[in-house]
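Here are a few notes to go with your first look at this one. Have the model open as you read, and take the points in any order.

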Amino acid sequence: MIDVSGGRIVALQAGSAPTGDAVVLDGLVIPGLANAHSHAFHRALRGATQLGGGTFWTWRETMYRVAARLTPDEYLELARAVYAEMALAGITCVGEFHYLHHAPGGVTYDDPNAMGEALIEAAAQAGIRITLLDTCYLSSGFGAPPDETQLRFSDRSGEAWAERVSGLKERDHARVGAAVHSVRAVPADQLGVVGVWAAQRNAPIHAHVSEQPAENEGCLAAYGVTPTRLLADHGLLGPRTTAVHATHLTSEDIALLGGSATTVCMCPTTERDLADGIGPAHEVQAAGSPLSLGSDSQAVIDLFEEARAMELNERLRTRRRGHWTADALLRAATADGHVSLGWPEAGRLEAGALADLVTISLDSVRTAGLLHGAETAVFAATSADVSDVVTGGRVIVRRGVHQLVPDVAGALRQALARVAA
Ligand SMILES: [Zn+2]
């Protein structure tokens, strides 16, 4: 039995009978999952980008067409549905890497944070926590001016970014962190501003790092160093920092990330979807980096799949099994993911932790007859096996039904039709 008071776990006791007002969670109970890297609007691209071939860069053209259209109202509707899909998958906290700040042409909304506020409100309406990783994005590449779509992303300077982001208010379910889109999008002389803003608030800071070889080549041409070295030289690595993807690293990059205890966020379903490559997750962890996991482009929203994909990618590369235990993979999806989003009090089943709980059904066709704990969660279950979800002691999903957004598929269909129109 798990006693909850004030949104937190007060006590856990094995084998005790439920009392009168207890909610029975029938299945395997694990801590709430942290989706450490998300771009909510990319949900509009699922399936649509699978026609024909292409690369990361051709996928980005399609993504930009969606980005060019969204309004704050449409984004609230779409993100609420996407976050409700996440809740059904057992995700109780999302790290939203948010760069779609301004109206078309770069025009500032009356509320300069209208888009970010829409995301914070969407998470509230879907019943999950959010860390809004407000993203600095100033350049189309190493100092070149932003293109037409990227004008919506740009605050024009690091100082203007910091001033706008300082207007965002945290709420019970929402925290604010910083992000550097990439070393392509933030010129080296602006990196320090973002780092200082986050350091002053003890806030998390995330950055896309070396997802593509072209980024490494551009960074070497512009600055003579790798993206990881550039971030290190500007004081951006450390325990509050998360490097997302970190796919194409040198051995020095791995030592810099690990030695600074920078978290590395792997997004295996996106990385395989976009043909990015397989990042050295096992090596960076051995060097000292905690790992987290993200659904990123929303090709799939299933953190169990992300967790097992990290292990299975490593098996394909090395032709050996068992690089991580199921417990270690689940830790990336729960406790370490929450730390990387600035919620160290979540993602653990222990007294004092936030009462964020996920129940995996043990009588579905995928899980029936299985006896093991973490192994069942990571190597057998899918998001469809999540039956109940609790955030802060509040039941958000009951027997597979979202309690705040009753028809999530319908909400997605409606929101996506508006975006496509
Ligand atoms: Zn991303």
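**Notes on cysteines, core and helices**

1. The cut-off for a disulfide is 2.5 Å between the sulfurs. Cys 267 is also buried, at 0% relative accessibility. Keep in mind that this is a predicted model.

2. Cys 219 is another one to check. For its sulfur, the closest cysteine sulfur sits in Cys 136, 16 Å off, so a bond is ruled out by distance. Like the cysteine in the point above, Cys 219 is buried, with a relative accessible area of 0%. And how many disulfides does the structure hold? The count is zero.

3. Now the inside. The largest nonpolar core has 121 residues, and the members that touch the most others are Phe 41, Tyr 75, Tyr 83, Ile 130 and Trp 197. Helix H2, residues 72-88, gives this core its largest share, with nine residues.

4. Setting aside residues up to four places away in sequence, what does Trp 197 touch? Its partners are Trp 161, Ala 162, Val 165, Ser 166, Val 176, Gly 177, Ala 178 and Ala 203.

5. Back to H2, this time with helix H3 (residues 114-126). Their axes come within 8 Å and cross at roughly 35°, and the crossing is right-handed. On the H2 side, the residues involved include Tyr 75, Leu 76, Ala 79 and Tyr 83, while H3 brings Met 115, Ala 118, Leu 119 and Ala 122, among others. Sorted by class, the residues of this contact are 14 nonpolar, one polar and two charged.

6. H2 also meets helix H15, residues 408-420. Among the residues making the contact are Glu 74, Glu 77, Leu 78, Val 82 and Glu 85 of H2, and Ala 411, Leu 412, Ala 415, Arg 418 and Val 419 of H15. By class, this contact counts 11 nonpolar, one polar and five charged residues. Ala 84 is listed in the contact with H3, and Ala 84 is listed in the contact with H15 too.

7. Next, a loop residue. Where does Leu 138 lie? You'll find Leu 138 in the loop between strand E6 (129-136) and H4, and it is buried at 10% relative accessible area. Leu 370 is 232 residues from Leu 138 in sequence and 51 Å from it in space, C-alpha to C-alpha.

8. Last, Glu 159, which is found in helix H4, residues 158-165. Glu 159 is partly exposed, with a relative accessible area of 47%. Apart from neighbours within four places in sequence, Glu 159 is in contact with Gln 190 and Val 193. From Glu 159 to Ala 374, the C-alpha to C-alpha separation is 45 Å in space, and the two are 215 residues apart in sequence.

Terms used:
Residues numbered from 1 in each chain as written. Predicted model: local features only at pLDDT ≥ 70, side-chain atom pairs only at ≥ 80, totals over all residues. Heavy atoms only, no water. Core = buried A, V, L, I, M, F, W, Y, C linked by side-chain atoms within 4.5 Å. Buried < 20%, exposed > 50% of the residue type's maximum accessible area, 1.4 Å probe, protein only. Helix = DSSP H or I, 4+ residues; strand = E, 2+ residues; numbered from the N terminus. Contact = heavy atoms within 4.5 Å. Axes fitted to C-alpha atoms, helices over the stretch in contact; angles between N-to-C directions. Left-handed = near helix turned anticlockwise from the far one by under 90°. Nonpolar A, V, L, I, M, F, W, Y, C, P; charged D, E, K, R; others polar.
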